[in-house]
Amino acid sequence: MRIHLDYGRNGLDVDVPDRNLAGVLRCPTSEPLADPSAAVRRGLERPTGARPLAELARGRRNACVVISDVTRPVPNRVLLPPILETLEAAGIPPREILILVATGLHRPNLGDELVEMLGPDIPKIYQVENHHGRKLDEHTFLGDSPGGAPVWIDSRYVEADLKITTGLIEPHFMAGFSGGRKLICPGLAAFETIIAWHSPAFLEHPNACNGRIDGNPVHEEDVAIGRMAGCDFIVNVVIDASRRILHVAAGDMQAAHAEGVAVARRHVTATLPAPVDIVVTTSAGYPLDATFYQSVKGMISGLAIVKQGGTVILAAGLTEGIGSPEFQALFDQYPTMDAFMARLLKPWGGSCPWQRNGSQMPAAATSDDHLRIVDQWQLEEMAKVRRKATIKVVTEGLPPETLRRLFVEPAASVEAAIAEALGQHGPEATIAVIPAGPYVLAQLDAEPS
């Protein structure tokens, strides 16, 4: 069967043997909104769990509108104009409206990237600035979170008279779903907060996974941090595989986000009756597959449906290389994935903190130098896949010798990777394909949501 995968900017067509194909997991077909701009305006006027934005804005001196960085395909050109027009109509002049890019610890977005994200006009009229997660003096300390994380949030946001966040609700491999509270942490948090929030104390919990909200300590900690920082209004969207808007969730940070998650779950869940030997997946194309770091999310997309001892085949562009210098350094520092995990879990005796402490929240243990490495959490997430399956990567962005250093196996093509996997698992091995990778919540039929 010929299947089109989301890969880079243009996609990749691959052939998968029909006799082995157990299913192609795609988001259920949904009709996009006929008039997304009108839907955004309705959300601002009739929000969930909050007063209309115009009422909230009246009498405020200034406003901070938070947007995702370039790694998230948020339709800012649709979301921002109604928000900005509402703020101005309520009496907040353009010079008092800051658009703040929630970069977390990612690089800043400048120049042509801002035009790509916002269109040509908004950067000319409004002040657009980037969050700098490594500059602690640009953050305000708000105290410790319930889980023991020191909460440092961008001072420009903390001091704003009106706080608005925008974003995208989609499956997230740590927090269950993105959007809502995540624009604040990690989006506007300092390094000191982000490393604690990404520590094994949270990530090794079995509920810290794709599509899980209830009982997920990463989500619960994030909500608590969001409430500490304050958030007057959110505007989140659910999009389809073609990045068309399916739903607008606007209003209270928790109530509107919960509404959006319920809608997103219906639009993104695809199931199989039984696990498969081989999963072919992607990181949903550019911009999510620009780096190996971001592409770990694609690997995670097949975790719930691959058999123990199976194979995950990832097709990703990787046009911008591996990722941050700190992330790259991890592969030089640790010769194997097991060596990395043993060091990561050293404060808890080398085993999962949640297994050792039951339901009790383990200490964050972020004071140790080896737990203060930027982006190490992404390698920890990749380890979850490696503990279950072999990972093969197909890309034009990195040479085979580099991929081998990254604890994965290179393959010349998806077809070649499938042939290798069939040689390992046998000619009757089953294959599932997830063309849009992390945009699809791939689960087994009996798996709880």
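Hi everyone! A word on the ground rules: residues are numbered from 1 along each chain as its sequence is written, and side-chain values use heavy atoms, leaving out hydrogens and water. Since the model is predicted, local features need pLDDT of at least 70 and side-chain atom pairs count only at pLDDT 80 or more, while totals for chains, interfaces and linings use all residues.

Let's start inside. A nonpolar core is a set of buried Ala, Val, Leu, Ile, Met, Phe, Trp, Tyr and Cys residues joined through side-chain atoms within 4.5 Å; buried means under 20% relative accessible area, with a 1.4 Å probe and protein chains only, exposed is over 50%, and partly exposed is in between. The largest core here has 94 residues, and Tyr157, Phe292 and Met382 have the most contacts inside it. A second, separate core has 37 residues, including Val70 and Ile83.

Now look at Thr71, in the loop between strand E4 (63-68) and helix H3 (76-89). Helices (H or I, at least four residues) and strands (E, at least two) are DSSP runs, numbered from the N terminus. Is Thr71 buried or exposed? Thr71 counts as buried, because its relative accessibility is 13%. Leu288 is 217 residues away from Thr71 in sequence, yet their C-alpha atoms are 5.8 Å apart.

Next comes helix H9, residues 217-229. Its 13 residues reach 18 Å from first C-alpha to last, close to the 18 Å expected at 1.5 Å a residue (1.5 Å times one less than the number of residues). Among its buried residues are Val218, Val223 and Ile225. Just after H9, Gly230 takes a positive phi of about 90 degrees.

Finally, the rings. Rings of Phe, Tyr and Trp (its six-membered ring) pair if their centres lie within 6.5 Å; planes under 30 degrees apart are stacked, over 60 edge-to-face, and the rest tilted. That rule gives 7 aromatic pairs. In one of them, Tyr293 and Phe327 sit edge-to-face, 5.3 Å centre to centre with 85 degrees between the planes. This pair links helix H11 (residues 292-300) to helix H12 (residues 325-333), across 34 residues of chain. Phe327 also pairs edge-to-face with Phe331, at 5.2 Å and 85 degrees. Those two are separated by about one helical turn because they are 4 residues apart in H12. Together, ring pairs link Phe292, Tyr293, Phe327, Phe331 and Phe407 into a cluster.
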